[in-house]
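The tour below goes stop by stop.

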Amino acid sequence: MTSLPVNWLEKEKDRRRLNVGASAFSDKVYEALTAACALVVPGLVIAIAVAVFAAAWPAFAKLGLSIVTTSDWDVAGGHFGAAPAIFGTLVSSTVALIIATPLAIGVAIFLSEFSPSWLRQPVGFLVDLLAAIPSVVYGLWGIFVLIPLLREHVMPFLRDTLHLGATPFFRGPAYGPSMLAAGVILAIMALPYISSVSREVLMAVPRSQREAALALGATRWEMIRDAVIPYARSGIIGGIMLGLGRALGETMAVTMVIGNRPEISASLLAPGYTMASLIANEFSEATNDLHLSALMAVGAILFIITLIVNAVARWLVWSVSRRRAQ
Amino acid sequence: MRALKLAALMLLAVACAKEGANNSSSSSTASSTVASGGSVDLTGAGATFPYPIYSKWFSDYATATGVKINYQSIGSGGGIRQLSEETVDFGASDGPMSDEELAKAKGGPILHIPTVLGADVITYNVPGITAPLKLTSSAIADVFMGRIKKWNDTRLASLNPGVSLPNQDILVVHRSDGSGTTYIFTDYLTTAVPAWKTSVGKGKEVKWPVGLGAKGNEGVAGQVKQTPGSVGYVELAYAKQNNLPVAAVRNKAGQFVQASIEAVTAAAAETAKALPANTDYRISIVDAPGAGSYPISSFTWILVYQHQTDAVKGKKLVDFLNWALTDGEKSAITLDYAPLPAEMATTVKAKINTIDLSGAK
């Protein structure tokens with residue numbers, strides 16, 4: 001009767017609570033579950049791609065590359081040239097990155113290098129909060145606040161006071177809804193993605209890197225420029241590409257401020273169109289088969305452009321990190 | 001800090017556990033109410049424009065008879081597609097189906113049942129104008145084609161003697177999304193102005209010669225409200241509810257008419273007089289004759305199959321449609337929709353009663 005130690009019961013309880021050594025079977029189950037999770041997501045991407053391309057096929061077969069190369073979108077006439085929408089998607093996203101990137105990196109550098117710690121948390125939190133605002137709210141804000149501001153003050157200032165109207169990029173009347181308005185909205189939406197990734201990457205730069213630069217007599221700015229940013233460069237580029245991905249696909253807010261005019265204009269003051277807006281505007285009332293298929297084709301083209309952007313981002317990150325390694 | 005987090009987590013866990021307990025105890029009662037309350041009897045899909053009045057009808061009808069109708073306002077195009085695929089019991093559309101669309105419907109011939117009427121109004125933002133602007137079809141077409149570029153153009157000034165129109169650029173605002181509102185507007189200009197017919201045409205979305213696109217009635221109205229010098233078209237009900245400035249439009253009889261429920265119903269009554277007895281109701285009432293008719297008006301339709309495959313459901317549908325055209329019409333005006341003219345409602349009900357409930361295709 002004395003074969004069991006006094007604390008046997010306690011030990012058994014511990015073993016059960018930790019659930020250690022139950023069986024090799026649970027390992028198998030875990031493996032299968034995680035594998036299923038890992039396979040479902042790529043499977044979903046492939047399924048979406050197949051569905052979109054299959055639905056787009058009749059339009060590609062009938063219209064060929066004219067979807068990409070022509071700019072006449074006339075549903076009643078059966079012409080589906082999406083060039084202005086492709087142009088608009090690329091230009092509005094580019095404008096967004098031009099505005100958002102310096103701002104976001106500035107925020108990230110301040111928060112990671114200069115900010116007193118009591119300020120870091122609240123400012124970082126507020127910047128991240130930008131990502132949580134629904135895009136329809138951005139659109140409403142765009143209509144009621146941003147567009148009047150652009151029309152009354154910013155656009156006349158750029159065009160007349162700065163004489164940028166002499167260049168083709170700021171020519172023409174300022175209605176408000178425009179490529180510029182879309183670019184600004186997208187910049188605000190992309191900013192939190194770029195800044196929060198950049199901030200994390202900058203904070204991850206080892207202390208030794210900073211101390212070495214300071215030991216060589218670098219000022220604080222020189223230390224950031226020469227030792228911290230190059231170290232974090234690939235991560236920052238990754239963040240910028242994440243922001244670009246957000247800008248390319250954004251639909252609602254852009255539709256509300258871009259003016260939805262399928263024309264290619266060099267001027268940022270002129271209204272434009274994007275692929276996502278085109279689909280959102282016309283899909284629900286499209287009954288004619290070719291029209292539906294053409295909208296799917298626009299979706300397929302957007303899919304391809306997004307893939308290319310991601311591939312370029314990977315390549316950039318890879319080439320930057322390789323250069324540093326050498 | 002860590003202790004705080006732990007405490008918060010524990011609180012959360014306790015709350016979840018409680019929630020779970022509540023759910024399990026109430027789930028049995030919930031499932032039984034669904035079973036006894038009866039599931040949805042009829043499903044429909046389509047136009048967004050009549051959704052407010054339809055949803056009132058469905059809720060009033062459910063109260064009166066217990067028959068439940070589920071309607072998805074996904075747009076006329078979606079409604080036509082779903083009815084053609086037979087995934088809903090009825091569709092709804094702001095524009096009549098084309099012959100090509102009718103031919104593709106899987107369930108055979110489709111009936112167009114006009115339910116209520118809507119209209120488009122021209123709204124504008126011209127600083128310093130108090131009285132309603134007066135416009136003709138050709139003036140509207142010229143503005144929306146970019147042929148009239150300034151508010152003080154003689155073609156506008158001659159229609160509005162005594163009004164000091166400013167020397168300001170006109171900014172046209174149109175719908176960017178496919179819409180029945182655009183269909184009515186372009187149908188009117190196509191009917192009344194030959195130049196519009198050849199250069200733009202009609203449809204739920206057209207290739208606009210000039211202007212900005214905005215999404216939805218609220219998008220167009222918001223844009224017009226904010227931009228001095230702009231002009232756009234929105235639905236009558238939307239304009240009334242938001243007190244937008246609205247132009248008077250000259251009708252076929254030469255009268256300038258402000259859009260109103262009475263003027264829209266009058267347009268339908270004038271058109272209905274000339275209808276043949278065997279009409280399929282795929283009719284346009286734009287540019288209608290009659291001194292009191294507002295010219296940019298249209299029916300909106302419920303679409304149903306002539307031959308119902310399920311006799312029970314078919315009976316419910318026919319009963320509902322009869323109720324809608326009798327009792328339902330009375331509530332239309334409270335939501336700013338124009339009811340059908342009384343004589344027309346009678347002939348439409350006769351049409352509804354030709355629906356075949358035998359179940360054979």
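This is a predicted model: local features need pLDDT of at least 70, side-chain atom pairs count only at pLDDT 80 or more; totals for chains, interfaces and linings use all residues.

Which residues is A:Val298 in contact with, leaving aside its neighbours within four places in sequence? They are A:Ala82, A:Ala85, A:Met275, A:Leu278 and A:Ile279.

Now widen the view to the largest nonpolar core. This core has 174 residues. A:Val298 is among those with the most contacts inside it, along with A:Ala82, A:Ala181, A:Ile185, A:Ala190 and A:Val257. Next, select residues 179-203 of chain A, helix α7. This helix gives the core its largest share, 17 residues. As a general rule, nonpolar side chains in soluble globular proteins tend to be buried together.

Move to chain B and select residues 311-332, helix α12. With 22 residues at 1.5 Å a residue, α12(B) should span 32 Å; the end C-alpha atoms are 29 Å apart, which agrees. Go to B:Ala324: α12(B) bends there by about 45°. B:Ala324 is also buried. Colour the other buried residues of α12(B) too: B:Gly314, B:Leu317, B:Phe320, B:Leu321, B:Leu325, B:Gly328, B:Glu329 and B:Ala332.

Last stop: a sheet in chain B. In what order do its 3 strands run? The order is β5-β9-β10, in an open sheet with mixed pairing. Select 134-135 for β5(B) and 256-257 for β10(B). Both stand at the edges with a single partner strand each, so one side of each is left without a neighbour in the sheet. Zoom in on B:Val249 to find its bridge partner in β10(B), B:Val257.

Methods: Residues are numbered from 1 along each chain as its sequence is written. Chains are lettered from A and ligands numbered from 1 in the order in which they are written. Two strands pair if DSSP finds at least two bridges between them. Helices (H or I, at least four residues) and strands (E, at least two) are DSSP runs, numbered from the N terminus. The expected span of a helix is 1.5 Å times one less than its number of residues. The bend at a residue is the angle between axes fitted to the seven residues ending there and the seven starting there. A residue is buried if 20 or more other C-beta atoms lie within 10 Å of its own, exposed if 12 or fewer, and partly exposed in between; C-beta atoms are placed from the backbone. A nonpolar core is a set of buried Ala, Val, Leu, Ile, Met, Phe, Trp, Tyr and Cys residues joined through C-beta atoms within 7 Å. Two residues are in contact if their C-beta atoms, placed from the backbone, lie within 7 Å.
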